[in-house]
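User: Please walk me through how the parts of this structure are arranged and where they meet.

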Amino acid sequence: MKEALPLMWRNIPERYNLLGSRCDTCGKNYFPQRKVCPNCRRKGKLVEAKMPETGKIVSYSEVFVAPTWFDHETPYFLAIVELDNHATLLTQVVDSKREKIKEGARVELLFRRIYEDSPEGAIAYGYKFKVVS
Amino acid sequence: MRNVSVIGVGQTTFGEHWSLSLRDLVTEAGVKAIENANVEGKDVQALFGGCMASGRFIGQEHIGALMADQMGMNPVAAYRTEAACASGGVALRLGYMAVASGMYDMVAVGGMEKMTDISTEDAAVALAGAGDQESELFNGATFPAIYALMARRHMHDFGTTEEQMALCAVKNHGHAVHNPFAQFRKAITVEQVMDSGYIASPLKLLDCSPLTDGAAAMVLCASDKAKDYTDKPVDIIASAQASDTLALHERRTLTGLHATEVAAKEAYTQAKITPKDIDLLECHDCFSIAQLMALEDLGFCKKGTGGRFVEEGNTDLGGVIPTNLSGGLKAVGHPVGASGVREAIDVVRQLQGTAPNQVQLKNPAIGLSHNVGGSGATVVVHAFKKGF
């Protein structure tokens, strides 16, 4: 389902700035943000942390059948990226040559439109990545 | 804790039932299970029904009461469970716990889904609710894409091939030819799978389980009473469940389901068995890669060797661990809330000797059912033993 406006709005700081969480107790980084560190639970101390803007592809897929509001973009690449602080995220990979999208490829952050709510509705923005050649 | 046995099973045929509603399906399965158990409706003290997304598929919630109402069983206590595609397995486990604890002597458990009243596109979005909406679907990840990310990494780390994955689908279709309840009773070839077109690379259309309408149900009772109702009770010798992160990217590995490993280990401890003692497996092959990973994570072969294990015939009829003799989710169909119970029923049928002749094993003693919710955030494992 497309996100309701309040949900889209709540996530703006996190998605626009790639803000995740770091646990000051164990040092682990998380994206998206969490309220409790799964490693340390109540002993943990999660603080908001800017995630690094570079990382590497762990796995990828080229998507041919998509939710209707992504239909016009197919085929598109999705990847799981491990950022340089070892936090991981799922993202689209764009602006990259097909043959360069593979496991281990270095990627960097882009700020992009994700989808439009409706022709005259809200536009969801967020993070995508591209391969750094 | 008391021992618990299965005394009756029932299901609808799985497929596109345009003339039947969710209430028709669950009622048919429930009544068949009660008939099969040789009990009266009034003997059943509680209902547990798994259903993933009736609100999204047909606009109906409050499924517990709907089951009791439609089966004419009011005022019995009735519960709906939801754990995405593991909703049925969780219903079975809660029913098991209710009888094992002594709270009830006899309960019915079931699972159901009515998926074809809405468009394929809308159904795919409903199913994406099994993953993390805010980090997966938001970025355009459908469910096939999530499993494709696992498959790609499995190929990278272990040299697994698309042909090996295709073989899982081929074998399952071969079994389903004999299953009167299956959606696709049609054999397919590796070439057909390879030519079926990418949904999310490396997964192709025929690597994926379909959209299906269907329901399945079982009657459980305390083992010491089971022989009062049936000559062929099947004992539940283990029931285990584990959770993991909702989003795939936060897992410790992409190439296996940790929750499967945890649930399997606990189940083997409960039943005092090892994988070598198990005569058959019904595993959760929502995508072909899921079957390879299940064989590894359940301990039937080493991590990374699932492709070769299948290629060598170990999961065939007559192999080390005959797998998805029903046809699996791929060919029996996957009404998401029902599959966990359907998997268990097909293990029970093998142990009772009532599976289709062409796929019936000779006197199996122990079988395992494995049910996954989402991309592995919930896993339920049950072990069954012939009780007669």
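User: How far apart do the C-alpha centres of domain 1 and domain 2 of chain B lie?
Analyst: The model is a predicted one, and the domain assignment of chain B gives domain 1 as 4–118 + 212–234 and domain 2 as 131–210 + 238–386. Taken between their C-alpha centres, the separation of these two domains of chain B is 23 Å.

User: Which element gives the largest share of the side of domain 1 of chain B that touches domain 2 of chain B?
Analyst: The contact draws 36 residues from domain 1 of chain B and 34 residues from domain 2 of chain B. On the domain 1 side, the elements giving two or more residues are β1 (4–11), α4 (87–100), β4 (106–113) and β7 (214–222) of chain B. That side divides into 21 nonpolar, 11 polar and 4 charged residues. The largest share, 8 residues, comes from α4(B).

User: Which element supplies the largest share of the side of chain B that touches chain A?
Analyst: Here the contact takes 25 residues from chain B and 26 residues from chain A. On the chain B side, at least two residues each are supplied by α5 (120–128), α6 (143–158) and β5 (198–200), and the residues of that side divide into 12 nonpolar, 7 polar and 6 charged. The largest share, 6 residues, comes from α6(B).

User: How far apart are the end C-alpha atoms of helix α7 of chain B?
Analyst: Of the 15 residues of α7(B), 13 are buried, so this helix is largely enclosed by the rest of the structure. At 1.5 Å a residue, its residues 162–176 should span 21 Å.

Key
Residues numbered from 1 in each chain as written. Chains lettered and ligands numbered in written order. Predicted model: local features only at pLDDT ≥ 70, side-chain atom pairs only at ≥ 80, totals over all residues. Helix = DSSP H or I, 4+ residues; strand = E, 2+ residues; numbered from the N terminus. Expected span 1.5 Å × (residues − 1). Buried ≥ 20, exposed ≤ 12 C-beta atoms within 10 Å, placed from the backbone. Domains from an automatic or database assignment. Contact = placed C-beta atoms within 7 Å. Nonpolar A, V, L, I, M, F, W, Y, C, P; charged D, E, K, R; others polar.
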